[in-house]
Amino acid sequence: MAALSDALLFMSRNEALRAYLELVLMEKGIPVVYFDSAREGLFWLVDHTPRAILLDTDLDVDPFAVASRIRHVRRLKDIPLGVIIEPQEKLRTTAEVVRVRPLEKPLTREKLLGFLQAG
C-alpha cells in the first residue's frame, strides 16, 4: 500500500520555480517533493500518495501525457493534479481534456495556494 504524504509532488526542470514553490509552501508547513524527470516522479508515486501533484511544461516529456497516465491510476484519481502552462487557449483546452487544472504563468502565491485549497 502506498504511504500517504502531506507533500506536494512537483515535477519540473526549472530550479527557480522549484525554489519559489518551496519558499511559498514552507511558510504553510507543506513539504515539496520534486523531481527533474517524469520517470523519477512516476516511480515515487508507486510507493507514495501526495496531497497534490503539480507538473510544469518544462519537463523532460509532455506533462499532459504524464498527467493522463497519473489519472489512470485509481488510487490517484482524486488527487488534485495541475499543470503550469503558458497563457494559451490551446494549452487550456488540452488541460481540460486531460482533466487537470491549468495554472497559468506567472505562477503566483495566490494561484498556488488556491490550487492546494481547491483539492
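Leaving aside its neighbours within four places in sequence, Arg-92 is in contact with Ile-85, Pro-87 and Glu-104, where contact means heavy atoms within 4.5 Å. The model is predicted, so local features need pLDDT of at least 70 and side-chain atom pairs count only at pLDDT 80 or more, while totals for chains, interfaces and linings use all residues. Residues are numbered from 1 along each chain as its sequence is written, and side-chain values use heavy atoms, with hydrogens and water left out.

Arg-92 belongs to helix H4, residues 89–98. Helices (H or I, at least four residues) and strands (E, at least two) are DSSP runs, numbered from the N terminus. With a relative accessible area of 28%, Arg-92 is partly exposed; buried means under 20% relative accessible area, exposed over 50%, and partly exposed in between, using a 1.4 Å probe and protein chains only. Its side chain makes a polar contact with the side chain of Glu-89, at 3.0 Å. A polar contact is a pair of N or O atoms within 3.5 Å; within protein, one must be able to donate a hydrogen and the other to accept it, and residues adjacent in sequence count only if both atoms are side-chain atoms. From Arg-92 to Pro-106 the separation is 14 residues in sequence and 15 Å in space, C-alpha to C-alpha.

Val-83 sits in strand S6. Its relative accessibility is 0%, so Val-83 counts as buried. Not counting residues up to four places away in sequence, Val-83 touches a set of residues including Leu-54 and Leu-55, Pro-63 and Phe-64, and Val-100. Phe-10 is 73 residues from Val-83 along the chain, and their C-alpha atoms are separated by 9.7 Å.

Next comes strand S5. Five of the five residues of S5 (residues 52–56) are buried, so the strand is largely enclosed by the rest of the structure. In a regular strand the side chains alternate between the two faces of the sheet. Here Ala-52, Leu-54 and Asp-56 point one way from S5, and Ile-53 and Leu-55 the other way.

S5 also pairs with two strands. Two strands pair if DSSP finds at least two bridges between them. Strand S2 (residues 8–11) runs parallel to S5 and is joined to it by four bridges, with Leu-9 opposite Ile-53. Four bridges also join S5 to strand S6 (residues 81–85), again in parallel, and here Ile-53 stands opposite Leu-81. Between S5 and S6 the chain passes through helix H3 (residues 63–71), and this β-α-β crossover is right-handed: with the strands pointing away from the viewer, the path from the first strand over the helix to the second runs clockwise.
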